[in-house]
Amino acid sequence: MIPEGQFDTPRNTPTQKTLHGALLLCDSFTKCFNPSLFFRLRDPDQQILEDLLQRPDKAAEAAHTYFQANPEHVEMGRDLEQYKNLQGVEETHFVDREARPHQRSFTAAVQLYDKGDYEGATALFEEALVEYYKADVDCRALCQGPQKFEGQDHLRYRYSLHEVVSDHFTQVLHCEHECVRDLATRPGRLSPMENYLPLHYDYLQFAYFKAGRLEEALQCALTYLLFHEGEEFMKENADYYREELGHDAEPREKAAWYLRRHKQELKLLLIGSKIMGAEFTEGNYWRSTGGRDDSNSVPSGTDGWMEYVPISHKKNVTVTSPQSLKEGGPLLYEGVQLVQNSAALNGTQRVLLDHVLSEEECAELRQLAHTVTMAGDGYKGRMSPHTPNEKFEGASVLKTLQHSFEGRVPMRSARLFYETSERARRIIESYFVLNSTLHFSYTHLVCRTAIKGQQDHRNDLSHPIHADNCLLDPDANECWKEPPAYTNRDYSALLYLNADFEGGEFIFTEMDAKTVTASVKPKCGRMVGFSSGGENPHGVKAVTSGQRCAVALWFTLNPLYRELERLQADEVVQALDTQHVFGQGLNINPKDEL
């Protein structure tokens, strides 16, 4: 707790545990605290916590830095919001201490751009480009040393000197070529930001246009087209600028030279890898899916990113959606009703259905939940994994079947849970017109209960905004498909069992994790289904009174990642259907986390 009288703080203050974590974060950058405090970080005590509380600005820096590399860390995200209310903490204190100069300038430029400060944004985007090309020189210089690639041992080569030298310089060239990826990768991330360098010129062409500087806008538009020659929206923007100016222009020479070198390196790498007999695959460095998110762009309806509207058409916006994904297939079960499709839910690969369950089935599953669910099930025993203001309880299909064999719940109820999840799977598979079988990745009967006495002045969510198969990073407008995210999940569904509680609405948002695009009020038999990627960030509003119960389901198209417990449950049900006796040695191995 904060020592009494030190400074006026809000009611909800970061816990000592989190402050301890913030101290440990500083172990990676020595300037976080004064030296006398820094060298005590490995064994912090109450006095160190008090020292930290006297430097909330530095605590905010540490927490923000950690959160940039771990955007789905629920506790740190919650504490960041609380730091914002601490006396002595200002917006300027929330800086990423590990950010690279070119990325720091780019992020600051985007923030000014979003605020409509186009003159300020252009200055920072230009600064980011200068820093980017400087960082490229530094990155390439680091490639000049000895090379040792995985699977190779240069001390045991039996090749000729010519072959050894050729191999070395091919590896150096490959290292230099990969600087494109390195410079686009944020600290703590494994994947680069998509379309990173071209995106600078995209922002610049529009910011210069908004600032009335069409000469620079045309030059940046033409520079962007060096990377993406066929981008129709940018070609139309360039035509618009030419028409307004009455003359043409040339793309920036620095970018043109950079791209020429990149292409020449690629040719050499392909030749070298062929001669050396080594495999080389060119990375897709500048995919054009990543992009601006502003009033001059409209959802593509295909992959959650943005398809731009040409400036010349900005007063007449029409959406063309080349659909590679489908929806609208049969709902299979009598009575199931389509309430809203993707368009009505303002997104892609989304659906809202009613009457998937009857009132009687909902009541039976709620009664089952009250009997078999355990606090913290699915979250390593943490009773409140997402918010300290609610209790979380859950149970798997296999666990429920085990309870039925022990006589603790009716077998009919356990079978209903099993069959309900299969019903949901078939509906999702059919509605989204999938070309292959949808397999269970995880199935959970879950209830969230508001804790009495902790609901006043709540400003948190029951489940923070996230995506189901990638790490949502709102600042970078990215969703990183890498561990610890469950990257093999493809579709998700939530089947609600009741409505007699307050709050708890399911929400979809934009990639910024703030702009709500659709809200769903749970009730018995209502199901929301959606694809699991970054195109569908979602969360749950605070449950402020009562208990909210649902069947949560995640699916995969990859049979290698089928849920083990589900396969065991299938065997149990099959044995029942064929009148086999339930085995005494069934190995129950509950999944310990989502």
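Helices α10 and α11 are roughly antiparallel to each other (angles over 145 degrees count as such, under 35 as roughly parallel, 65 to 115 as roughly perpendicular and the rest as oblique), since α10, residues 196-210, packs against α11 at an angle of about 155°, with the two axes 8 Å apart. Axes here are lines fitted to C-alpha atoms, for helices over the stretch in contact, and angles run from 0 to 180 degrees between N-to-C directions; helices (H or I, at least four residues) and strands (E, at least two) are DSSP runs numbered from the N terminus. The model is a predicted one, in which local features need pLDDT of at least 70 and side-chain atom pairs count only at pLDDT 80 or more, whereas totals for chains, interfaces and linings use all residues. Residues are numbered from 1 along each chain as its sequence is written, and side-chain values use heavy atoms, with hydrogens and water left out.

In the contact (heavy atoms within 4.5 Å), L197, P198, Y201, D202, L204, Q205, Y208 and F209 of α10 meet L214, E216, A217, C220, A221, T223, Y224 and F227 of α11. By class, this contact of α10 with α11 comprises 12 nonpolar, two polar and two charged residues, where Ala, Val, Leu, Ile, Met, Phe, Trp, Tyr, Cys and Pro count as nonpolar, Asp, Glu, Lys and Arg as charged, and the others, Gly among them, as polar.

Helix α11 (residues 214-227) also packs against helix α12 (residues 232-245), at an angle of about 150° and with the axes 9 Å apart, which makes α11 roughly antiparallel to α12. The residues in contact are L214, E215, A217, L218, A221, L222, Y224 and L225 of α11 and F233, M234, K235, A238, Y241, R242, E244 and L245 of α12; by class, the contact of α11 with α12 has 12 nonpolar, no polar and four charged residues.

The protein as a whole contains 17 helices and 17 strands.
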